[in-house]
Amino acid sequence: MMESVVKAKSLNANETSRTFVDTKSAFKITSLNLSKFGWRRALTAAPYLVSDLFGLLLAFELAVFARIILGSDVELLYYITILPLLGVFLIAYFSAGLYPTIGCNPAEELRLQSLATSLIFLLLASSTFLVRDSERYSRGVFLIAWCFALIFLPLGRALMRRVYARRDWWGIPVAILGAGETGKRIVQSLLAYPGFALRPVALLDDDPAKSGDVHGIPVLGSLKYATLLVKKLDVNHAIIAMIGRAFLRQDPFEVWGDGTQVRNWTYVDDIVRGTILAAEHIDNASAVNLGTSERIRVTEAVQEITRVAGYSPR
(Lines give C-alpha, C1' and ligand atoms only; values in the text may rest on other atoms or scores of the structure.)
Protein backbone atom coordinates (compact mmCIF):
# COMPACT_ATOMS: atom_id res chain seq x y z
CA MET A 1 0.00 0.00 0.00
CA MET A 2 0.96 3.65 -0.35
CA GLU A 3 1.78 4.00 3.36
CA SER A 4 4.43 1.34 3.10
CA VAL A 5 5.87 3.06 0.02
CA VAL A 6 6.08 6.37 1.84
CA LYS A 7 8.04 4.66 4.58
CA ALA A 8 10.11 2.60 2.15
CA LYS A 9 13.69 1.99 3.14
CA SER A 10 14.87 3.32 -0.20
CA LEU A 11 13.98 6.82 0.93
CA ASN A 12 16.73 8.06 3.17
CA ALA A 13 16.48 11.13 5.38
CA ASN A 14 17.80 13.48 2.69
CA GLU A 15 15.37 12.17 0.09
CA THR A 16 12.50 12.48 2.51
CA SER A 17 13.33 16.13 3.11
CA ARG A 18 13.27 16.86 -0.62
CA THR A 19 10.08 14.98 -1.48
CA PHE A 20 6.60 14.90 -0.06
CA VAL A 21 3.47 12.82 -0.21
CA ASP A 22 0.02 13.36 1.23
CA THR A 23 -0.42 10.01 3.01
CA LYS A 24 -4.08 10.67 3.79
CA SER A 25 -4.90 11.30 0.14
CA ALA A 26 -2.66 8.45 -0.95
CA PHE A 27 -4.47 6.02 1.32
CA LYS A 28 -7.79 7.27 -0.03
CA ILE A 29 -6.67 6.55 -3.60
CA THR A 30 -5.33 3.07 -2.85
CA SER A 31 -8.53 2.25 -0.99
CA LEU A 32 -10.47 2.37 -4.27
CA ASN A 33 -11.56 -0.85 -5.90
CA LEU A 34 -8.57 -0.95 -8.20
CA SER A 35 -9.57 -4.27 -9.72
CA LYS A 36 -12.03 -2.35 -11.86
CA PHE A 37 -9.35 -0.17 -13.45
CA GLY A 38 -8.17 -2.94 -15.73
CA TRP A 39 -11.71 -3.33 -17.05
CA ARG A 40 -12.47 0.37 -17.41
CA ARG A 41 -11.69 0.51 -21.11
CA ALA A 42 -14.04 -2.39 -21.88
CA LEU A 43 -16.74 -1.05 -19.56
CA THR A 44 -16.52 2.40 -21.13
CA ALA A 45 -16.63 0.95 -24.64
CA ALA A 46 -19.69 -1.25 -23.98
CA PRO A 47 -22.36 1.54 -24.02
CA TYR A 48 -20.88 2.91 -27.25
CA LEU A 49 -20.95 -0.50 -28.90
CA VAL A 50 -24.56 -1.16 -27.87
CA SER A 51 -25.60 2.32 -28.97
CA ASP A 52 -23.90 1.96 -32.36
CA LEU A 53 -25.49 -1.45 -32.99
CA PHE A 54 -28.95 -0.19 -32.04
CA GLY A 55 -28.50 2.93 -34.18
CA LEU A 56 -27.53 0.87 -37.23
CA LEU A 57 -30.47 -1.49 -36.78
CA LEU A 58 -32.84 1.44 -36.43
CA ALA A 59 -31.37 3.14 -39.49
CA PHE A 60 -31.89 0.05 -41.66
CA GLU A 61 -35.40 -0.62 -40.39
CA LEU A 62 -36.54 2.95 -40.96
CA ALA A 63 -34.91 2.96 -44.39
CA VAL A 64 -36.84 -0.17 -45.44
CA PHE A 65 -40.13 1.22 -44.15
CA ALA A 66 -39.44 4.53 -45.85
CA ARG A 67 -39.02 2.75 -49.20
CA ILE A 68 -42.23 0.79 -48.60
CA ILE A 69 -44.13 3.99 -47.84
CA LEU A 70 -42.76 5.54 -51.03
CA GLY A 71 -44.32 2.67 -52.99
CA SER A 72 -41.26 0.51 -53.71
CA ASP A 73 -41.55 -3.26 -53.74
CA VAL A 74 -39.18 -3.95 -50.85
CA GLU A 75 -39.23 -7.07 -48.69
CA LEU A 76 -37.88 -6.71 -45.16
CA LEU A 77 -36.85 -10.38 -45.10
CA TYR A 78 -34.06 -9.88 -47.63
CA TYR A 79 -32.48 -7.16 -45.49
CA ILE A 80 -32.73 -9.23 -42.33
CA THR A 81 -30.39 -11.75 -43.97
CA ILE A 82 -27.63 -9.14 -44.25
CA LEU A 83 -27.90 -7.94 -40.63
CA PRO A 84 -24.87 -10.03 -39.56
CA LEU A 85 -22.86 -7.71 -41.81
CA LEU A 86 -23.45 -4.97 -39.24
CA GLY A 87 -20.49 -6.50 -37.46
CA VAL A 88 -18.35 -5.01 -40.23
CA PHE A 89 -19.37 -1.55 -39.03
CA LEU A 90 -18.35 -2.39 -35.46
CA ILE A 91 -14.99 -3.70 -36.65
CA ALA A 92 -14.44 -0.51 -38.62
CA TYR A 93 -15.30 1.63 -35.59
CA PHE A 94 -12.94 -0.41 -33.44
CA SER A 95 -10.17 0.04 -36.00
CA ALA A 96 -10.80 3.79 -35.95
CA GLY A 97 -10.25 3.85 -32.18
CA LEU A 98 -13.89 4.50 -31.32
CA TYR A 99 -14.18 1.79 -28.62
CA PRO A 100 -13.84 3.80 -26.54
CA THR A 101 -12.87 7.29 -27.64
CA ILE A 102 -10.37 8.14 -24.91
CA GLY A 103 -9.63 11.85 -24.79
CA CYS A 104 -11.13 12.41 -28.24
CA ASN A 105 -12.94 15.69 -28.79
CA PRO A 106 -16.52 15.42 -30.14
CA ALA A 107 -15.65 16.90 -33.53
CA GLU A 108 -12.89 14.35 -34.15
CA GLU A 109 -15.14 11.51 -32.96
CA LEU A 110 -17.89 12.64 -35.35
CA ARG A 111 -15.42 12.84 -38.23
CA LEU A 112 -13.97 9.38 -37.61
CA GLN A 113 -17.33 7.67 -37.23
CA SER A 114 -18.90 9.44 -40.21
CA LEU A 115 -15.95 8.48 -42.39
CA ALA A 116 -16.03 4.83 -41.28
CA THR A 117 -19.82 4.65 -41.64
CA SER A 118 -19.77 6.13 -45.15
CA LEU A 119 -17.00 3.79 -46.28
CA ILE A 120 -18.78 0.64 -45.07
CA PHE A 121 -22.12 1.69 -46.56
CA LEU A 122 -20.38 2.28 -49.87
CA LEU A 123 -18.80 -1.18 -49.73
CA LEU A 124 -22.11 -2.84 -48.81
CA ALA A 125 -24.00 -1.10 -51.58
CA SER A 126 -21.31 -2.04 -54.08
CA SER A 127 -21.18 -5.66 -52.93
CA THR A 128 -24.87 -6.18 -53.72
CA PHE A 129 -23.94 -6.16 -57.41
CA LEU A 130 -21.83 -9.25 -56.83
CA VAL A 131 -24.48 -11.43 -55.16
CA ARG A 132 -27.17 -13.49 -56.78
CA ASP A 133 -30.60 -11.84 -56.95
CA SER A 134 -28.97 -8.46 -56.46
CA GLU A 135 -32.04 -6.79 -57.94
CA ARG A 136 -33.91 -7.65 -54.74
CA TYR A 137 -31.81 -5.12 -52.83
CA SER A 138 -32.73 -1.48 -53.25
CA ARG A 139 -29.80 0.92 -53.41
CA GLY A 140 -32.24 3.51 -52.15
CA VAL A 141 -32.52 1.59 -48.87
CA PHE A 142 -28.76 1.78 -48.40
CA LEU A 143 -28.77 5.48 -49.22
CA ILE A 144 -31.57 6.26 -46.74
CA ALA A 145 -30.01 4.00 -44.07
CA TRP A 146 -26.70 5.80 -44.52
CA CYS A 147 -28.38 9.19 -43.94
CA PHE A 148 -30.21 7.90 -40.86
CA ALA A 149 -27.02 6.32 -39.48
CA LEU A 150 -25.11 9.60 -39.75
CA ILE A 151 -27.80 11.12 -37.52
CA PHE A 152 -28.61 8.29 -35.09
CA LEU A 153 -25.07 7.15 -34.26
CA PRO A 154 -23.77 10.50 -32.91
CA LEU A 155 -27.03 11.08 -31.04
CA GLY A 156 -26.81 7.63 -29.47
CA ARG A 157 -23.24 8.20 -28.34
CA ALA A 158 -24.15 11.57 -26.86
CA LEU A 159 -26.98 9.90 -24.96
CA MET A 160 -24.65 7.19 -23.62
CA ARG A 161 -22.25 9.84 -22.34
CA ARG A 162 -25.07 11.74 -20.69
CA VAL A 163 -26.39 8.63 -18.96
CA TYR A 164 -23.18 6.85 -17.98
CA ALA A 165 -20.32 9.35 -17.96
CA ARG A 166 -20.56 10.05 -14.23
CA ARG A 167 -20.73 6.41 -13.17
CA ASP A 168 -17.83 5.13 -11.09
CA TRP A 169 -16.75 2.62 -13.74
CA TRP A 170 -16.66 5.12 -16.61
CA GLY A 171 -13.35 6.24 -18.10
CA ILE A 172 -9.78 5.26 -17.46
CA PRO A 173 -7.58 6.65 -14.67
CA VAL A 174 -5.17 9.39 -15.63
CA ALA A 175 -2.47 11.24 -13.70
CA ILE A 176 -1.84 14.95 -14.17
CA LEU A 177 1.85 15.86 -14.21
CA GLY A 178 1.92 19.29 -12.62
CA ALA A 179 -0.32 20.87 -10.01
CA GLY A 180 0.01 24.47 -11.16
CA GLU A 181 -2.60 26.53 -12.95
CA THR A 182 -2.56 24.35 -16.06
CA GLY A 183 -2.90 21.19 -13.99
CA LYS A 184 -5.82 22.69 -12.08
CA ARG A 185 -7.58 23.68 -15.28
CA ILE A 186 -7.06 20.22 -16.74
CA VAL A 187 -8.59 18.57 -13.67
CA GLN A 188 -11.48 21.02 -13.72
CA SER A 189 -12.15 20.35 -17.41
CA LEU A 190 -11.97 16.56 -17.06
CA LEU A 191 -14.35 16.62 -14.10
CA ALA A 192 -16.73 18.99 -15.87
CA TYR A 193 -16.77 16.94 -19.07
CA PRO A 194 -16.46 13.23 -18.18
CA GLY A 195 -17.31 12.37 -21.78
CA PHE A 196 -13.58 12.52 -22.53
CA ALA A 197 -13.41 9.23 -20.59
CA LEU A 198 -10.31 10.38 -18.71
CA ARG A 199 -10.81 10.17 -14.95
CA PRO A 200 -8.17 12.12 -12.98
CA VAL A 201 -7.08 10.18 -9.90
CA ALA A 202 -3.91 12.00 -8.85
CA LEU A 203 -1.58 14.89 -9.56
CA LEU A 204 2.20 14.84 -9.27
CA ASP A 205 4.38 17.88 -8.68
CA ASP A 206 7.91 18.35 -7.36
CA ASP A 207 6.90 21.52 -5.49
CA PRO A 208 6.05 20.62 -1.86
CA ALA A 209 4.04 23.84 -1.58
CA LYS A 210 1.44 22.34 -3.91
CA SER A 211 0.58 19.39 -1.69
CA GLY A 212 -3.06 18.81 -0.79
CA ASP A 213 -5.73 18.37 -3.43
CA VAL A 214 -7.13 20.03 -6.54
CA HIS A 215 -10.92 19.89 -6.84
CA GLY A 216 -10.87 16.81 -4.63
CA ILE A 217 -8.08 15.06 -6.58
CA PRO A 218 -5.02 14.47 -4.35
CA VAL A 219 -1.57 15.83 -5.12
CA LEU A 220 0.44 12.76 -4.16
CA GLY A 221 3.88 14.27 -4.33
CA SER A 222 6.98 14.24 -6.49
CA LEU A 223 7.10 13.02 -10.06
CA LYS A 224 9.18 10.13 -8.77
CA TYR A 225 5.89 8.54 -7.69
CA ALA A 226 4.84 8.08 -11.33
CA THR A 227 6.07 4.48 -11.27
CA LEU A 228 4.06 3.94 -8.09
CA LEU A 229 0.88 5.02 -9.89
CA VAL A 230 1.56 2.52 -12.64
CA LYS A 231 2.30 -0.37 -10.28
CA LYS A 232 -0.22 0.25 -7.51
CA LEU A 233 -3.06 2.07 -9.24
CA ASP A 234 -2.78 0.74 -12.79
CA VAL A 235 -2.58 4.31 -14.11
CA ASN A 236 -1.17 4.05 -17.63
CA HIS A 237 -2.17 7.48 -18.93
CA ALA A 238 -0.81 10.89 -18.00
CA ILE A 239 -1.29 14.46 -19.20
CA ILE A 240 1.70 16.79 -19.10
CA ALA A 241 1.57 20.57 -19.05
CA MET A 242 2.28 21.38 -22.71
CA ILE A 243 -0.16 18.80 -24.08
CA GLY A 244 -2.61 19.83 -21.38
CA ARG A 245 -2.65 23.37 -22.75
CA ALA A 246 -3.64 22.02 -26.15
CA PHE A 247 -6.28 19.84 -24.50
CA LEU A 248 -7.73 23.01 -22.95
CA ARG A 249 -7.56 24.86 -26.29
CA GLN A 250 -5.37 27.55 -24.73
CA ASP A 251 -5.24 30.60 -27.00
CA PRO A 252 -2.71 32.16 -27.10
CA PHE A 253 -0.64 29.07 -26.36
CA GLU A 254 1.85 29.79 -23.58
CA VAL A 255 5.47 28.67 -23.86
CA TRP A 256 8.46 29.47 -21.71
CA GLY A 257 10.84 31.85 -23.42
CA ASP A 258 10.40 32.85 -27.05
CA GLY A 259 9.90 29.30 -28.31
CA THR A 260 13.10 29.22 -30.36
CA GLN A 261 14.82 26.91 -27.88
CA VAL A 262 16.02 23.72 -29.55
CA ARG A 263 15.23 20.41 -27.87
CA ASN A 264 15.80 16.74 -28.57
CA TRP A 265 12.37 15.06 -28.52
CA THR A 266 12.97 11.33 -28.18
CA TYR A 267 10.18 8.78 -28.31
CA VAL A 268 9.74 6.97 -25.00
CA ASP A 269 9.97 3.49 -26.57
CA ASP A 270 13.37 4.42 -27.98
CA ILE A 271 14.53 5.54 -24.54
CA VAL A 272 13.37 2.26 -23.02
CA ARG A 273 15.03 0.23 -25.77
CA GLY A 274 18.26 2.19 -25.42
CA THR A 275 18.28 1.76 -21.66
CA ILE A 276 17.83 -2.00 -21.97
CA LEU A 277 20.60 -2.25 -24.56
CA ALA A 278 22.92 -0.18 -22.36
CA ALA A 279 22.24 -2.46 -19.40
CA GLU A 280 22.95 -5.54 -21.51
CA HIS A 281 26.15 -4.39 -23.21
CA ILE A 282 27.84 -1.83 -20.93
CA ASP A 283 29.55 -3.21 -17.84
CA ASN A 284 32.05 -0.48 -16.97
CA ALA A 285 29.57 2.08 -15.60
CA SER A 286 30.36 4.55 -18.40
CA ALA A 287 27.84 7.29 -19.10
CA VAL A 288 25.46 6.95 -22.03
CA ASN A 289 23.39 9.71 -23.58
CA LEU A 290 20.23 8.62 -25.36
CA GLY A 291 18.72 10.83 -28.04
CA THR A 292 18.46 11.53 -31.74
CA SER A 293 20.34 13.74 -34.16
CA GLU A 294 17.10 15.59 -34.94
CA ARG A 295 16.72 18.97 -33.26
CA ILE A 296 13.28 20.57 -33.02
CA ARG A 297 12.35 24.03 -31.77
CA VAL A 298 9.75 24.33 -29.04
CA THR A 299 7.49 26.31 -31.39
CA GLU A 300 7.63 23.45 -33.91
CA ALA A 301 6.63 20.97 -31.21
CA VAL A 302 3.74 23.23 -30.19
CA GLN A 303 2.55 23.44 -33.80
CA GLU A 304 2.51 19.65 -34.07
CA ILE A 305 0.70 19.24 -30.73
CA THR A 306 -2.00 21.77 -31.61
CA ARG A 307 -2.36 20.24 -35.09
CA VAL A 308 -3.09 16.85 -33.54
CA ALA A 309 -5.42 18.55 -31.04
CA GLY A 310 -7.32 20.06 -33.95
CA TYR A 311 -7.00 23.81 -33.46
CA SER A 312 -4.74 26.71 -34.40
CA PRO A 313 -3.94 29.14 -31.55
CA ARG A 314 -2.56 32.61 -32.16
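This report describes salt bridges, a pocket, a surface patch and some backbone features in a predicted model.

The structure holds 8 salt bridges. Side chains of opposite charge can pair when their charged atoms come close. One of the salt bridges is formed by Arg157 and Glu109, whose closest N and O atoms are 2.7 Å apart. Arg157 belongs to helix 8 (residues 139-164) and Glu109 to helix 7, so this pair ties together parts that are 48 residues apart in sequence. Arg157 is buried, because its relative accessible area is 1%, under the 20% limit for that class. Glu109 has a relative accessible area of 4%, and therefore also counts as buried.

Glu109 also meets Arg161 in a salt bridge, with an N to O distance of 2.9 Å. This pair, too, links distant parts of the chain, with Glu109 in helix 7 and Arg161 in helix 8, 52 residues apart. Arg161 is buried, with 13% relative accessible area. Through shared partners, salt bridges join Asp52, Glu109, Arg157 and Arg161 into one network.

Another salt bridge joins the side chains of Glu108 and Arg111, at 2.8 Å from N to O. These two residues are 3 apart in helix 7, so about one helical turn separates them. Glu108 is partly exposed at 28% relative accessibility. Arg111 is partly exposed as well, with a relative accessible area of 45%.

## The second largest pocket

The second largest pocket contains about 600 Å³ of space. It is lined by 20 residues, of which Gly103, Ile243, Phe247, Val308 and Ala309 are the closest to its centre. At least two lining residues come from each of helix 7 (106-127), strand 5 (237-240), helix 11 and helix 13 (298-309). Sorted by class, the lining consists of 13 nonpolar, 5 polar and 2 charged residues.

Ile243 sits in helix 11, which spans residues 241-247. With 43% relative accessibility, Ile243 is classed as partly exposed. Its C-alpha atom is separated by 8.5 Å from that of Val302, a residue 59 positions away along the chain.

## A nonpolar surface patch

Tyr267, Val268, Val272 and Ile276 make up a nonpolar patch on the surface. Together they have about 390 Å² of accessible area. Tyr267 is found in the loop between strand 6 (262-263) and helix 12 (268-281). Tyr267 is exposed, because its relative accessible area is 53%, over the 50% limit for that class.

## Backbone features in loops

The peptide bond that leads from Tyr99 to Pro100 is cis, and its omega is near -15 degrees. Pro100 is part of the loop between helix 6 (86-95) and helix 7.

Ala197 has a phi near 65 degrees, a positive value in a residue other than glycine. Ala197 is located in the loop between helix 9 (181-192) and strand 2 (198-204). At 0% relative accessibility, Ala197 is buried. For Ala285, phi is likewise positive and near 65 degrees, again in a residue other than glycine. The loop that holds Ala285 runs between helix 12 and strand 7 (296-297). With a relative accessibility of 79%, Ala285 counts as exposed.

Note on methods:
Residues numbered from 1 in each chain as written. Predicted model: local features only at pLDDT ≥ 70, side-chain atom pairs only at ≥ 80, totals over all residues. Heavy atoms only, no water. Helix = DSSP H or I, 4+ residues; strand = E, 2+ residues; numbered from the N terminus. Buried < 20%, exposed > 50% of the residue type's maximum accessible area, 1.4 Å probe, protein only. Patch = residues over 30% accessible without salt bridge, like charges linked within 9 Å, V, L, I, M, F, W, Y side chains within 5 Å. Areas by Shrake-Rupley, 256 points an atom, 1.4 Å probe, with all protein chains shown as cover. Salt bridge = Lys/Arg side-chain N within 4 Å of Asp/Glu carboxyl O. 1 Å grid on protein atoms, 1.4 Å probe; cavity = no way out; pocket = protein on both sides within 12 Å on 5 of 7 lines; lining within 4 Å. Points joined across faces, edges and corners; volume = space filled by probe spheres on them. Nonpolar A, V, L, I, M, F, W, Y, C, P; charged D, E, K, R; others polar.
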